[in-house]
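Hi,

Here is the structure I promised to pass on. Have a look at it first, and then read my notes below.

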Amino acid sequence: MPVLLYPLALLALAALPTALAIYLLRNRFKPTLVSSIVLWEHLTRPKGGGIRVQRLYLPLLFFLEIAVLALLALAAADPHLPRKSVERLLVAVLDDSASMAARGGKGAARSRGLRALKAEVKSCRANAVRVIVAGTKPLVLDLPAEPGAALGRLDGWKCRAPRAALDAALAMALERAGSHGRVVVITDHTPAEDVMNNRVRWIGCGEPVANAAIVEASRTAAGETDRCMAGVANYGTGPLTIAATLSWPDCVTSPVRHLEIAPGEVKRFTFAVPGSARVATISLPDDALAEDNRADLLHPVEKKVSVDIAVGNQVLAHALRSAVESSGLSSPMPVWPRLVIADETGSFASADAWIVRCRTTAKPVVFTGPFAIDSDHPLSDGLTIEEVTWAADTNAIPGTPVIAAGNTILVGERALPGGARELFLNIVPEKSTVQRAPAWPVLVWNLLHWRAESGPGPRATNVRAGDDVSVNVGRAVRAAKVKGPDGHSTERAPRGGVLSFCADEPGGYTVNDGSASYSLSAQFLSPEESDLRRCATGAWGAPQADVVAPRAFASCAVWLALAGLAVAFLHLVLAVRGKGGS
Amino acid sequence: MTGSSREHLLEGERAGMRYALAVPREALRGASGYWSGRLSGSSVDFKDYREYQPGDDLRAIDWSVYGRTDRLIVKLFREEVNPHLDIVIDCSASMALEGTEKCRATVMLGAALAMASMNARCSHHAWMIADAVRSVQGGTGRPALWAGLEFDHTVTPAEAFNRLPGSWRPQGIRVLVSDLLWPGDPIHTLRSLASGAAALFVIQVLAREDATPSVAGNAQIVDVETHAAVEVFMDALAAQSYAAALARHQTNWERACRQAGARMTTVIAEEVVATGRFDALERMSLLEPA
């Protein structure tokens, strides 16, 4: 049944009776009395003539005019006709978390899920499929819409992600499906009650099996020897005795830790690794899930800062020097220091050095609090200033306030062209006690750590899979290559000298910015995925009958208008040639 | 007879006062009258002598000639006759076509002919073609006294002649006043009318609407007598076709008139009414100035 977009345009059909009336009036015969019809009978009579007016004389041109009017009126109403080919869409949400690759007695959940998906496509007679992979983030796979072709090319469904963003993927699927498409979720566990509706079919293909997993792993530099810590969890129904093997390059005999772990317990242990070992590996015997049986820990990043303290006030200089030395983040000062702490009016030749300008000479006002701290600023991480006095000059200092007392800025900072920072420290130490309070070393440590973090390289070499990773590559770098665990390289653009990406799969990553190469290691470390005891098999949601085809319509106004113009042209030709009646 | 028809008769009388009937020689027969007849009669005008034949009036023997020659000679005198005019008026409804002057002109013609006849000291008799040929009341007297002249009949003259032809005066002059617009061969009608007549004149009275119709476009043509109708589209071509049909019709009548020894003329009613003159009748030697 056609749908009219502008039904009021049908009012133009009122022109039809108008045209008919014109013809009727034109063809009406006026009675005329004559002496005799003897002289008239031979005259040409109208076709189909008769006493009554017109049933008789509606020429072809009249019908053409009626056709033109009707076609143009219908075209103006913009009728839409149902389309023959209608897409019956099924949107599949595939759980891409590593637990889908767990091997149980019935095989991997991924294989069973793929079979279930094919059966679902067949049962609901879908003729188009969209696939959304739910890893750490939902991702729409670029596949053909035809179901057979799409389901044969599911290489992007790797099942290695440390978690599955099923809620986000389901929301995206419902949006993609529109009001008529259906959604099927292929996963390994039961659905939450609030995600189900009549358009969602939830198919669980999981199998509850016991699994041991490395759920914690870290490596800390401690001089020439690094300290490693690992936690192994028993996600089984009974006690587990397992051997954790430690290894690193040049390791002659790999140490083994025998662990007895109660069900649901996490057993932690530490071990030392030579600082020269680039990578230390912790491994467990094969079990249901392979991803969580191995953790590769790289040598942690040691970023230190060369600090030049050139403050005229000796009390302040002493306090600063003590805090810097005790922070463990300072390094011997090269020719050009990376952080300069000096008096307010000093000048410096280094372009990339950060500068801390100290105002110490003016007449101070002593503040006892409260002190306002910008808690989001890197300098205020863990900083609490209480029960101290802070003497400072009340004249304004430039920069954004980080610590203030009333209207007086005590610590401020601003960015300099080229990426460097300029900080302002407003303190008269002779009348202050803050440099003797616990907040002082925290403030100085934050300062050095902030400066160290801004140096090139990753902020951490060992990360948890699924976390966002930031690597400082320098402001001049326009593009950097990221090589993932699968060996595939992608080029990414840094922003503000920082390259950020998500380490969504466990394994090693390499970032190359053209001048330097940095390595990272992403550990699986996902207790939720490693715990396979909650996996389940089943189907939830109403069985999907035929996917309802949306009522698709196509406008035929253009064709009607063209037909009307064609008939009008025919009318013109006939009228010019004098055919079609008159 | 309506008041307006009476006025038309008076109009015709006035118009006819200027004319006299041009009596043809063939019409010099009839009752004793003003005109000298072709036969011997009882007038005082001597005509000829001849031998007596049994049965001749003994009073016509010229006894003086018998005395001198001993022969019975009879004196012949010229006959005095009174010619007669029969005026036959078509009273069908078409002669009173609405919106035209046909009725007025026809009545005027009849009255004028009667007055011209009186001016020529001829007798006259007015007839009307109604359901049959009937005498007009008072039709032998002054036209102003005529009665019963109604133009509402639907019988064609041909049929009326068949039903009851008029009792025409032998050797009289007969004049048919009609529009002649009826189907059929006119020769039968004309022969019936011309039979025993000294002369027959046919005057076709047409309205200007009959001669050149003003109808344009689609029209339903209705016969005023039969009410038969045809639907036509009147344009220049159709007007030409109509004029040709009228010409053929008139030609047909003229040919029939020649065959019957009649003379025919056509007058336009509106022109007759407007001028009050009958030049066409003069040209056909029916009338002459009084």
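A residue is called buried here if 20 or more other C-beta atoms lie within 10 Å of its own, exposed if 12 or fewer do, and partly exposed in between, with C-beta atoms placed from the backbone. On that count, 43% of the 290 residues in chain B are buried.

Before going further, note that this is a predicted model: local features need pLDDT of at least 70, side-chain atom pairs count only at pLDDT 80 or more, and totals for chains, interfaces and linings use all residues. Residues are numbered from 1 along each chain as its sequence is written, while chains are lettered from A and ligands numbered from 1 in the order in which they are written.

Chain B first. It has nine helices and twelve strands (DSSP runs numbered from the N terminus: H or I of at least four residues for helices, E of at least two for strands). Of the chain B contacts with a separation of 6 or more, 77% are between residues 24 or more positions apart; a contact means C-beta atoms, placed from the backbone, within 7 Å.

Now for where the chains meet. On chain A, 22 residues are in contact with 28 residues of chain B. Strand β2 of chain A (residues 30-34) gives the largest share of chain A's side, five residues. That side divides into eleven nonpolar, seven polar and four charged residues (nonpolar: Ala, Val, Leu, Ile, Met, Phe, Trp, Tyr, Cys and Pro; charged: Asp, Glu, Lys and Arg; polar: the others, Gly among them).

What does β2(A) pair with in chain B? Its partner is strand β9(B) (residues 217-223), in the parallel sense over five bridges; strands pair if DSSP finds at least two bridges between them. Here L33(A) stands opposite V222(B). Put together, you get an open sheet of three strands with mixed pairing, in the order β2(A)-β9(B)-β10(B). Its edge strands are β2 of chain A and β10 (229-234) of chain B, each pairing on one side only.

One last thing to look at is a helix pair. Helices α5 (residues 186-194) and α7 (residues 236-260) of chain B pack with their axes 9 Å apart, at an angle of about 35° (axes are lines fitted to C-alpha atoms over the stretch in contact, and angles run from 0 to 180 degrees between N-to-C directions). Among the residues that meet are L190(B) from α5(B) and W253(B) from α7(B). The residues of this contact divide into eight nonpolar, two polar and one charged.

Cheers

How values were computed. Two residues are in contact if their C-beta atoms, placed from the backbone, lie within 7 Å.
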